[in-house]
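Below is a short note on the model, arranged as numbered points. Please read it alongside the coordinates.

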Amino acid sequence: MIEMIKVGRSYLPDIQALTDISFAVATGEMFFLIGRSGAGKTTLLKLICNMETPTNGLIEVAGYNINKLKGKKLAFLRQKIGVAYQDFKLLSDRTVAENIAISMEVSYKKPQAINQRVRDLLDQLQLVNKHDTLTCELSRGEQQRVTLARSVANSPRLILVDEPTGNLDASTTERVMELLTRSNKAGATIVIATHDESIYRGSNKRVMELRDGKIHSLARSNH
Ligand SMILES: Nc1ncnc2c1ncn2[C@@H]1O[C@H](COP(=O)(O)OP(=O)(O)OP(=O)(O)O)[C@@H](O)[C@H]1O
Ligand SMILES: [Mg+2]
């Protein structure tokens, strides 16, 4: 689903956010990205969804060189990628339900199906009573869950999740991971950037650690 070959990303004047990154994520995999603050996790996720472009190297997503795609082809591929941003990027003057519905409206789903999906997601994330609340009135942990619900709502083939549990208690974290696991079992490939060891420990999933913008290790988490 994802292949990076010798990818680098630098920022002016002399920040080397990522250097010589080569790895691949298989279709249907749940893959974890870890590393200290500033290691390059968010930059890597932004490169995969074409929010940032690499300074060098090649990135293929679903077999396409995502940085070369343009117009309709790019829009079509982007619709198949759900992203939960570390800084949420919710529309603050819209309700919780409206924010979650957006990705489904863009792909012309029927209103009835959209409403049902929104209600199911809110139920799974214990946010049913926030359906009509403006997102600017939510706590950070609630905003984080709305962001997650929006990223999975349209059943994308690839889901990129940046720090999904940072503001959550243990039982809400479990709910979030259940939702992601359900999407994964339904066939979605998922990449999760996290500081929360509890969500991958003992999972037998692959975990890649970045250190100073380079791959430090890539191994299965089986302890
Ligand atoms: N738009 C930008 N302009 C300049 N520097 C940037 C930009 N985006 C990221 N960086 C720098 O690139 C490096 C990697 O940042 P990144 O946000 O990818 O780290 P991270 O691993 O996601 O950290 P955190 O765990 O704190 O979220 C940092 O040194 C950061 O300051
Ligand atoms: Mg980050």
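1. Six strands make up an open sheet of mixed pairing, in the order β6-β7-β8-β3-β9-β10. Strands here are DSSP E runs of at least two residues, helices are H or I runs of at least four, and both are numbered from the N terminus; two strands pair if DSSP finds at least two bridges between them. Because β6 (81–84) and β10 (214–220) each have a single partner strand, one side of each is left without a neighbour in the sheet. From one strand to the next, the twist averages 15°.

2. On provenance: this is a predicted model, in which local features need pLDDT of at least 70 and side-chain atom pairs count only at pLDDT 80 or more, while totals for chains, interfaces and linings use all residues. Residues are numbered from 1 along each chain as its sequence is written, with chains lettered from A and ligands numbered from 1 in the order in which they are written.

3. Arginine 206 has arginine 220 of β10 opposite.

4. Helix α6 (residues 170–185) lies across β3 (30–34), β7 (158–162) and β8 (189–193), and runs at about 150° to β8. Angles are taken between N-to-C directions, from 0 to 180 degrees, with axes fitted to C-alpha atoms and, for helices, over the stretch in contact.

5. Isoleucine 190 is in contact with Met30, Phe31, Ile159, Val161, Leu180, Ser183 and Asn184, leaving aside its neighbours within four places in sequence. Contact requires C-beta atoms, placed from the backbone, within 7 Å. Ile190 is also among the residues that touch the most other members of the largest nonpolar core, which has 56 residues. Such a core is a set of buried Ala, Val, Leu, Ile, Met, Phe, Trp, Tyr and Cys residues joined through C-beta atoms within 7 Å; buried means 20 or more other C-beta atoms within 10 Å of the residue's own.

6. A separate open sheet has 4 strands in the order β2-β1-β4-β5, with antiparallel pairing. Its edge strands, β2 (15–25) and β5 (64–65), each pair on one side only. β1 (residues 2–11) and β4 (residues 56–61) are joined over 5 bridges, and glutamate 3 has glutamate 60 in β4 as its bridge partner.

7. The shell around ligand 1 includes Tyr11, Lys41 and Gln86, a residue counting as near if its C-beta atom, placed from the backbone, lies within 6 Å. α1 gives the most, with 3 residues.

Technical notes
Buried ≥ 20, exposed ≤ 12 C-beta atoms within 10 Å, placed from the backbone. Contact = placed C-beta atoms within 7 Å.
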